[in-house]
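This report describes selected side-chain and helix arrangements in the structure shown below.

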Amino acid sequence: MRNLLKLGRGALAMLALVPNAVLHAAPTVMGMQLIGEKRVSRTVFDYTYRLTIQNDGSTRRNVAVQVGAVGAGTSVQDGAVTVGDLAANQQIVAADTVTLRHDRVLPFSQAAVTWIFTGTEVPPEGNPPPGILVPGNPTAKIGDAMPNHDSSRVVPASEISVDSSSGYRIIRTALYIVFRQESTVSDVNAVLNSINGRILSSFAGNGAVSVGIPDPGGLPALYALIDNLRKRPEIEIVLPDDIAEPESLPQEGYSANTLSLLDHHLAIRGAAAWNARKALIASGSQPPSFLIYDTFGNGAPQADFSQVNWKLGAGTGFSTSCNPFQLDDPSTPTIDEDTTDCQHAYHVTGIALGNFGGTGNIGQVTGMYPSGGMISTVVDGYAIDRWTVWTGQKTQMRRALENISGRIVINTSMSERLKCDPQVDDALAIAHGRFWLRLLRGGNIAQPSPFEARFFHAAAAANNTCGGFEKPVAGIVDAPAKRVGKFAASWTAASLYSDAELGGPALTNTVVVENRKVAPSLPAPAASAARPDCTYLGTAVTGTNGVVNPHYGASYSGGHVAGIGSRADSVAGVWSYLDAGPTQAGASLGTSMSTPQVAGLAIYLWTLRPDLTGQELAERIKAHVVPVSCTGDFSNTPVVDAYATILSADEGFTSNNNPAREAMLDVNEDGKFDDQDTQVFLDAIFAPIAGQTADYSRYDLNGDGFTGGPKTAALNLDMSYDAQGRSTYSILTSAQNAFPLRVDEAQVSDFEVLCYYVNSKFFSQGSLGAFEEQLKVVRETAGRARVTCASPVAATITLSDSLLGWTGMPGTAQVDTLQAVSISRFQAFGNNSCQFGERGGPIFSSTVDADAVFFGASNSSNVPAQIFPGINRRNCSSFVAYKNLAIPGAIGPQVKLWINATGRAVAFSGSITLDWEYQTRLFSDGTTTTCRVGVVPGSGNFSATYTTNNCIGRILFAPTQ
């Protein structure tokens with residue numbers, strides 16, 4: 001029987017919270033010590049217990065506890081215990097006792113015992129920090145009453161602690177809190193008073209705030225306070241105010257090679273994108289503001305960035321030497337945190353916006369955005385040094401957005417540096433994401449704010465720097481970007497988690513950027529162009545504790561896109577700024593450097609197309625990417641394609657809003673694309689050494705890095721896109737202006753691009769004759785005799801009528817694989833070694849004028865035929881002929897055209913072998929077109945089954961070089 005009683009000894013009690021004395025959070029009954037028992041009847045006993053009570057992180061006065069509920073067979077004889085005052089985190093054994101009566105017929109249920117605490121919470125010692133309580137009617141809802149307020153303050157190093165388990169730097173005197181929108185002013189102020197807290201930063205009608213509190217003295221006390229606040233019904237989210245770190249890796253360097261400075265931009269086809277830069281001026285649009293949250297060691301430049309001397313050193317205004325003790329905790333110095341932090345923002349800004357160079361010399365380019373006029377808006381991550389920061393960095397970001405009018409591009413290459421907890425779990429990451437959504441959307445995060453349409457956010461996916469060089473953590477190789485780093489999780493989580501997980505639509509104006517490396521690393525000239533390579537896998541680091549992190553510095557995965565922020569699988573950074581010479585440049589690497597590449601690209605596209613929303617801008621960048629897949633890689637996230645992205649600014653041939661292509665084609669910048677421009681292009685494309693080395697020139701039209709030569713690349717010539725906004729690449733068989741041009745968009749040369757656009761609405765049609773004369777000059781050069789924009793490659797006959805018992809009508813028949821041949825030879829031998837030569841008396845070629853251009857066509861498709869016998873052999877009699885076609889660089893009016901589309905059918909009917917040829921004969925005199933559909937049985941005469949003028953004939957041409 002005593003064993004039953006032992007079940008009650010040391011039982012953990014459950015807590016029931018009541019609003020008496022506003023103890024929403026409460027101490028805990030940790031144990032029940034049995035100190036006496038008394039028999040009441042045969043099976044009923046009274047048991048007396050002394051309670052062990054653990055207080056939470058708040059100081060409490062006049063605490064009392066009583067039994068709230070018990071299980072079946074148990075009743076309360078004396079359930080009240082006077083505790084007295086409790087210090088924060090104090091544990092006591094109460095002098096007072098409780099007595100429970102239990103009938104041992106039933107088992108004792110320790111889980112059924114609950115406790116009710118009463119008492120008064122004592123605010124932390126010290127005066128409340130500068131800030132406010134919520135003003136107004138105490139019964140008003142926060143969604144109506146919260147004011148717009150900012151009293152954020154600089155935090156000294158004495159109020160910052162490093163979490164020993166995670167490495168995060170935490171401000172002990174500030175919190176992020178989201179109050180529920182239905183909470184009243186009285187509710188919120190009661191919470192603030194209970195912790196002696198005040199609001200430092202808030203937005204009108206928004207329950208997401210930054211709160212200042214007295215220093216609790218250490219992180220354990222701060223975390224206990226956070227745990228208590230999370231239990232309160234007025235509060236939705238509580239987060240510590242952790243400090244962001246730059247997401248670059250510690251590497252600096254200098255180089256005198258100009259082209260190799262840019263290989264990170266060249267690898268994403270940045271040079272080809274820069275060829276449309278004059279459209280920035282022609283658009284007349286102001287660029288969006290560039291909001292940088294980062295660390296400028298000597299202050300951000302406040303001049304037009306195109307006029308900034310992007311070099312560290314004396315006389316430049318950029319700091320090269322920060323005191324190491326300004327950058328790190330003097331008590332725990334680490335070798336990986338040096339002047340990189342001081343210089344970090346200069347690298348970031350240079351990659352996005354550095355001087356393009358007044359002459360357009362590619363050696364002077366540093367920034368992805370290729371124009372002047374940009375002055376950044378800076379939220380300086382460190383107000384004075386690395387250990388003096390502002391409270392509420394997230395609310396400061398939100399306030400900066402509010403204070404900037406118009407369109408905004410944000411770059412955040414910041415996160416917490418040492419992510420070793422390991423990483424941030426999903427629940428906490430989602431809480432950070434929801435906090436950011438609440439800051440942007442107010443009380444209803446299910447409803448995206450119109451505010452989101454006017455900003456675009458490029459956010460770093462973060463690097464694997466867990467443990468730093470001193471104490472790396474083994475086994476942490478990769479993690480999803482959405483849950484790495486609490487500061488960055490505000491926007492990475494808000495854009496990467498699902499709508500259901502976030503409780504509202506994820507942000508679609510935010511692009512999370514991973515880091516890949518460039519291959520090959522130049523110097524130039526090179527026989528191959530710079531291109532995106534695999535993920536930067538970092539380096540193996542052994543800490544002083546002997547633990548190895550095999551991929552220190554590798555990019556985390558799960559982002560939307562990747563940029564180029566590394567040059568090799570060693571500590572080799574991308575160049576980010578250079579002097580006016582240029583002779584030198586500074587380098588850094590990591591997701592910090594890949595992210596501003598995307599931000600600069602966004603600024604470029606948004607300046608060309610200011611009508612886009614932030615969400616549409618993000619979708620275009622995510623839609624125009626280059627797949628990269630590597631064995632053993634962490635991630636297959638594709639890399640941004642700058643050229644395709646900028647070309648997506650153009651709306652199509654039916655629109656007059658095509659700024660990128662018009663600027664790209666107008667080489668002499670006289671406002672039109674004509675023969676003066678084509679002469680410059682032809683000189684470059686057919687230069688003696690054209691196509692031999694990557695030159696990234698102004699005349700590289702397909703964006704492959706080479707000018708001229710046979711190399712091809714994919715290019716969206718006709719501006720067609722799928723439902724997701726991605727470029728579609730197809731074999732084009734029609735043109736927008738002069739004649740049908742057959743071009744495979746998936747693989748076009750520079751010359752094919754030029755021919756296509758010469759024969760489009762972009763070209764001044766009065767210059768067609770001059771262009772043909774230019775081609776004649778090219779053809780007179782040795783080895784260039786075949787150069788033309790208009791080599792016939794196929795012909796089609798389109799029939800609009802149907803014919804009972806026949807296939808292929810209505811439809812389009814095509815003949816191709818053309819070979820120039822004399823009419824007499826064709827009549828004798830036909831195509832495909834046919835025994836009888838051309839078939840169908842009177843043979844159709846006999847009607848062709850003797851001076852016409854004549855081609856046999858060995859291949860045919862979709863030729864009209866009877867159901868039986870069907871076409872099952874290659875044709876004998878297909879040909880194309882034309883006469884008096886004006887070809888001044890483009891095909892003009894067709895005066896005479898002959899097309900015979902034929903298909904041979906062999907079948908057996910009893911003992912009879914059928915050998916027929918179906919023929920569709922088209923003739924046009926330039927005014928009237930006539931088609932005859934029929935059959936030639938054996939080698940006999942042509943018999944027309946159907947004759948119509950409701951048909952169209954076309955010749956398809958393609959460039960040849």
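## Packing of helix 18 and helix 20

In this predicted model, helix 18 passes helix 20 in a crossing that is right-handed. The two axes come within 9 Å and cross at roughly 20 degrees. Angles under 35 degrees count as roughly parallel, and helix 18 and helix 20 are therefore described as roughly parallel to each other.

The contact is made by named residues on both sides. Helix 18 contributes Asp-675, Thr-678, Gln-679 and Leu-682, which meet Ala-770, Phe-771, Gln-774 and Leu-775 of helix 20. As a general point, an α-helix has 3.6 residues a turn, so residues three or four places apart point the same way.

## Aromatic pairs

The structure holds 22 aromatic pairs. One of them joins Phe-673 and Phe-763 in an edge-to-face arrangement, with 5.0 Å from centre to centre and 70 degrees between the planes. Phe-673 lies in the loop between helix 17 (659-665) and helix 18 (675-685), while Phe-763 lies in the loop between helix 19 (750-758) and helix 20 (768-779), so the pair ties together parts that are 90 residues apart in sequence. Both Phe-673 and Phe-763 are buried.

Ring pairs also build a cluster, in which Phe-653, Tyr-756, Tyr-757 and Phe-762 are linked.

## Charges over rings

Lys-711 lies over the face of Phe-706, at 4.8 Å from the ring centre. For Arg-921, the charged end sits over the ring of Phe-942, 4.2 Å from the centre of that ring.

## Burial of helix 10

Helix 10, which spans residues 393-403, is mostly covered, and nine of its eleven residues are buried. The buried residues run from Gln-393, Lys-394, Thr-395 and Gln-396 through Met-397, Arg-398 and Arg-399 to Ala-400 and Leu-401. Among them are Lys-394, Arg-398 and Arg-399.

## The loop at Thr-733

Where is Thr-733 placed? Thr-733 belongs to the loop between strand 32 (731-732) and strand 33 (743-744). The relative accessible area of Thr-733 is 31%, and this residue is partly exposed. This class applies because the value falls between the limits of under 20% for buried and over 50% for exposed.

Thr-733 and Val-743 are ten residues apart in sequence, and their C-alpha atoms are 6.9 Å apart in space.

Technical notes:
Residues numbered from 1 in each chain as written. Predicted model: local features only at pLDDT ≥ 70, side-chain atom pairs only at ≥ 80, totals over all residues. Heavy atoms only, no water. Phe/Tyr/Trp six-rings, centres within 6.5 Å; stacked < 30°, edge-to-face > 60°. Helix = DSSP H or I, 4+ residues; strand = E, 2+ residues; numbered from the N terminus. Buried < 20%, exposed > 50% of the residue type's maximum accessible area, 1.4 Å probe, protein only. Lys NZ or Arg CZ within 6 Å of the ring centre and 35° of its normal. Axes fitted to C-alpha atoms, helices over the stretch in contact; angles between N-to-C directions. Parallel < 35°, antiparallel > 145°, perpendicular 65-115°, else oblique. Left-handed = near helix turned anticlockwise from the far one by under 90°. Contact = heavy atoms within 4.5 Å.
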